[in-house]
Structure formats: C-alpha cells, structure tokens
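Hi everyone, thanks for making time this morning.

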Amino acid sequence: MSSELIVFLILAAVGVLSGILMITRPNPVNSALFLILNFMALAGLYITLHAQFVAIIQILVYAGAIMVLVLFVIMLLNLEDEEPLREQMSKRHYGSLLVALLALVLIVQVIGWNSGGTLETMREQSPHALRIGTVEHIGSVLFTEHVYPFELTSILLLAAIVGAIVMAKKRFP
Amino acid sequence: MIESYIPILLIIGIAVIFGVVSINLSWLLGPQRPYREKHSTYESGVDPVSTAHYRFSVKYYMVALSFIVFDIEVVFMYPWAVQFRELGWTGFVVMSVFIVVLAVGFIYELKKGALQWD
C-alpha cells in the first residue's frame with residue numbers, strides 16, 4: 001500500500017465515524033464538535049487530492065467561521081438535549097426515505113463513474129497538475145479567466161448581508 | 001507529495017498531546033478538597049439564579065454573520081495578494097469592484113443599525 005492510500009483510509013475512517021457520531025449525539029453542542037472533526041478529516045482529504053488552498057480554507061472558514069454560526073444558532077434556539085423521537089411513519093418520513101434512496105443511487109453512480117484517470121496518471125501526463133490547487137495558481141486563474149464568477153460572488157455575499165439584516169431586525173431605529 | 005505534510009501532522013499530534021496531558025496532569029497533581037460552595041457556578045459571588053441555558057439575543061448572531069461574510073471576502077484576497085505583482089492593474093481593478101460591492105453591503109449594515117447594540 002502506498003502512503004497516500006494509508007492516509008486516505010485513515011482520513012476517510014475519521015470522516016465517516018465523526019459524521020455518524022455527529023448525527024447520533026443527543027446534545028447539539030457535541031454534534032457541532034464532531035462536525036469540526038469531520039471538517040478536519042475533509043481538509044486532509046483535500047490535501048491528498050492536491051487542493052491545498054481549498055484544504056486551508058476548509059479549516060479557516062468552515063471549522064472556524066461557519067462553526068461559530070452553528071454554535072450561535074444552537075444558543076439562539078436554546079436547544080436542549082434532543083428528545084427521543086416517538087413518531088409513527090408519516091408522509092414526511094416516506095419523503096425522507098425517497099430522498100435517502102436517491103442519494104444512495106447518486107453515491108453508487110459516482111463511485112462507479114470512471115473519470116478516465118487516477119492521480120498517478122494525471123501526474124505522469126503533466127507535472128503542472130500537482131500545483132493546480134496552490135494559492136499561486138488559483139490567484140493567477142481566478143482573477144484572469146474566471147473574473148465573471150468571481151465578481152458574482154460579491155453579489156452573493158451582498159445578498160447574504162442584506163438578507164440577514166432584513167430577517168433578523170424587526171424594526172430599525 | 002504527501003510526505004511533505006509530516007511536519008503538519010507532527011504539530012497536530014503535539015497539540016493534541018499537549019491538551020490531553022496538561023488537563024490530566026493538573027487534575028492528577030492538584031489537591032482535591034471539594035465542598036458545596038466550590039462546586040457551585042461562580043456568578044460574581046452571588047448565588048446562581050437560573051441555568052446557563054437561555055436564549056441569546058439575535059444581536060450576537062448579526063455580529064457572527066457579518067464576520068463570516070467579511071471573512072470570506074478576506075479569503076478571496078489571499079490568492080490576489082500572493083499574485084499581486086503578476087496580476088498588475090487588471091487584478092487591482094477586479095478586486096476593487098469586488099470590495100466596492102461588499103462595501104455597499106457594509107454601509108447598508110451600518111445605516112440600518114444592525115451593528116448597534118441598543
């Protein structure tokens with residue numbers, strides 16, 4: 001086994017385990033902590049895929065900033081321990097079952113999908129592919145070839161600010 | 001290559017070991033003479049009146065949300081800052097448009113008083 005395969009297996013195991021623990025903890029704060037662990041494992045997986053910038057942003061933005069928001073929501077809603085659900089099968093549950101089935105089909109499809117090359121073949125074909133995820137490369141491409149989507153991001157962020165203010169503030173001084 | 005990340009793995013390992021060891025060592029070495037007052041929640045010397053679980057004001061949420069939006073803005077500045085010389089004036093103009101659009105949001109936030117505490 002190559003060292004990369006070992007790293008992948010460890011990170012994947014940590015990711016799946018923390019994901020399962022996240023959805024099964026009764027205390028929402030514990031769930032949030034396991035979500036952080038899940039983000040960390042994902043960041044490691046991004047590094048094995050040569051997406052270094054995405055990996056560091058995953059930790060900075062998701063494990064840092066987004067988790068602050070998640071914890072604030074937990075505090076805002078004043079969530080106590082989750083009460084055991086004693087519901088009967090309702091229409092809503094059949095809907096969830098259908099969505100879960102569709103997600104399973106999607107996952108199986110993606111696993112079976114052959115992208116036409118592994119990381120090894122990609123590396124042999126072009127040594128440049130190794131540096132595709134670095135900050136330098138993203139900087140040189142994002143602000144030249146992908147200017148339009150980049151500027152659209154600012155509109156998206158603007159919509160987030162305005163939307164949050166409109167929803168959170170009932171009346172203004 | 002993946003081997004070049006071993007120092008980062010080492011740092012993570014040291015951080016985890018330091019956290020676990022220091023917490024357990026202080027518990028192990030410190031004297032433990034518990035009594036009722038010591039175990040009660042410290043609330044400026046006053047007896048605690050209610051639980052720590054209560055609904056927080058939405059104002060905290062507003063601060064957190066604006067933090068995230070401007071955090072993401074800064075994230076886009078990292079690659080720009082690294083490639084600043086190569087991108088030149090086009091990069092500067094592109095980034096200026098991005099910042100101006102977000103500045104509109106910031107001014108809106110200030111004018112609406114979303115960051116005012118009272």
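This is a predicted model: local features need pLDDT of at least 70, side-chain atom pairs count only at pLDDT 80 or more; totals for chains, interfaces and linings use all residues.

Let me begin with chain B. Its domain assignment gives domain 1, residues 1-30, and domain 2, residues 57-118. Taken over C-alpha atoms, the centres of domain 1 of chain B and domain 2 of chain B are 35 Å apart.

Now to helix H4 of chain B, residues 84-111. Just after H4(B) comes B:Gly113, with a positive phi of about 70 degrees.

What does H4(B) pack against? Its buried residues, among them B:Leu87, B:Val94, B:Phe98 and B:Leu102, pack against helices H6 (135-142) and H7 (147-168) of chain A, together with helix H3 (58-82) of chain B.

B:Leu87 has a relative accessible area of 8%, so it is buried. Leaving aside neighbours within four places in sequence, B:Leu87 is in contact with A:Gly139, A:Ser140, A:Phe143 and A:Thr144, and also with B:Trp80. On the other chain, A:Ser154 sits in helix H7 of chain A. At 1% relative accessibility, A:Ser154 counts as buried too. Not counting residues up to four places away in sequence, A:Ser154 touches B:Phe98, B:Val101 and B:Leu102.

Next, a helix pair across the two chains. H6(A) and H3(B) pack with their axes 8 Å apart, at an angle of about 95 degrees. That angle makes H6(A) roughly perpendicular to H3(B). Here A:Val135, A:Glu136, A:Ile138, A:Gly139 and A:Leu142 of H6(A) meet B:Phe76, B:Tyr78, B:Pro79 and B:Val82 of H3(B).

Finally, have a look at helix H4 of chain A, residues 91-112. H4(A) has 22 residues and reaches 32 Å from its first C-alpha to its last, close to the 32 Å expected at 1.5 Å a residue. Is H4(A) buried, or does it lie in the open? Of its 22 residues, the number buried is 0, so H4(A) lies largely in the open.

That's my tour, and I'm happy to go back to any part of it.

Technical notes: Residues are numbered from 1 along each chain as its sequence is written. Chains are lettered from A and ligands numbered from 1 in the order in which they are written. Side-chain values use heavy atoms; hydrogens and water are left out. Helices (H or I, at least four residues) and strands (E, at least two) are DSSP runs, numbered from the N terminus. The expected span of a helix is 1.5 Å times one less than its number of residues. Buried means under 20% relative accessible area, exposed over 50%, partly exposed in between (1.4 Å probe, protein chains only). Domain bounds come from an automatic or database domain assignment. Contact means heavy atoms within 4.5 Å. Axes are lines fitted to C-alpha atoms, for helices over the stretch in contact, and angles run from 0 to 180 degrees between N-to-C directions. Angles under 35 degrees count as roughly parallel, over 145 as roughly antiparallel, 65 to 115 as roughly perpendicular and the rest as oblique.
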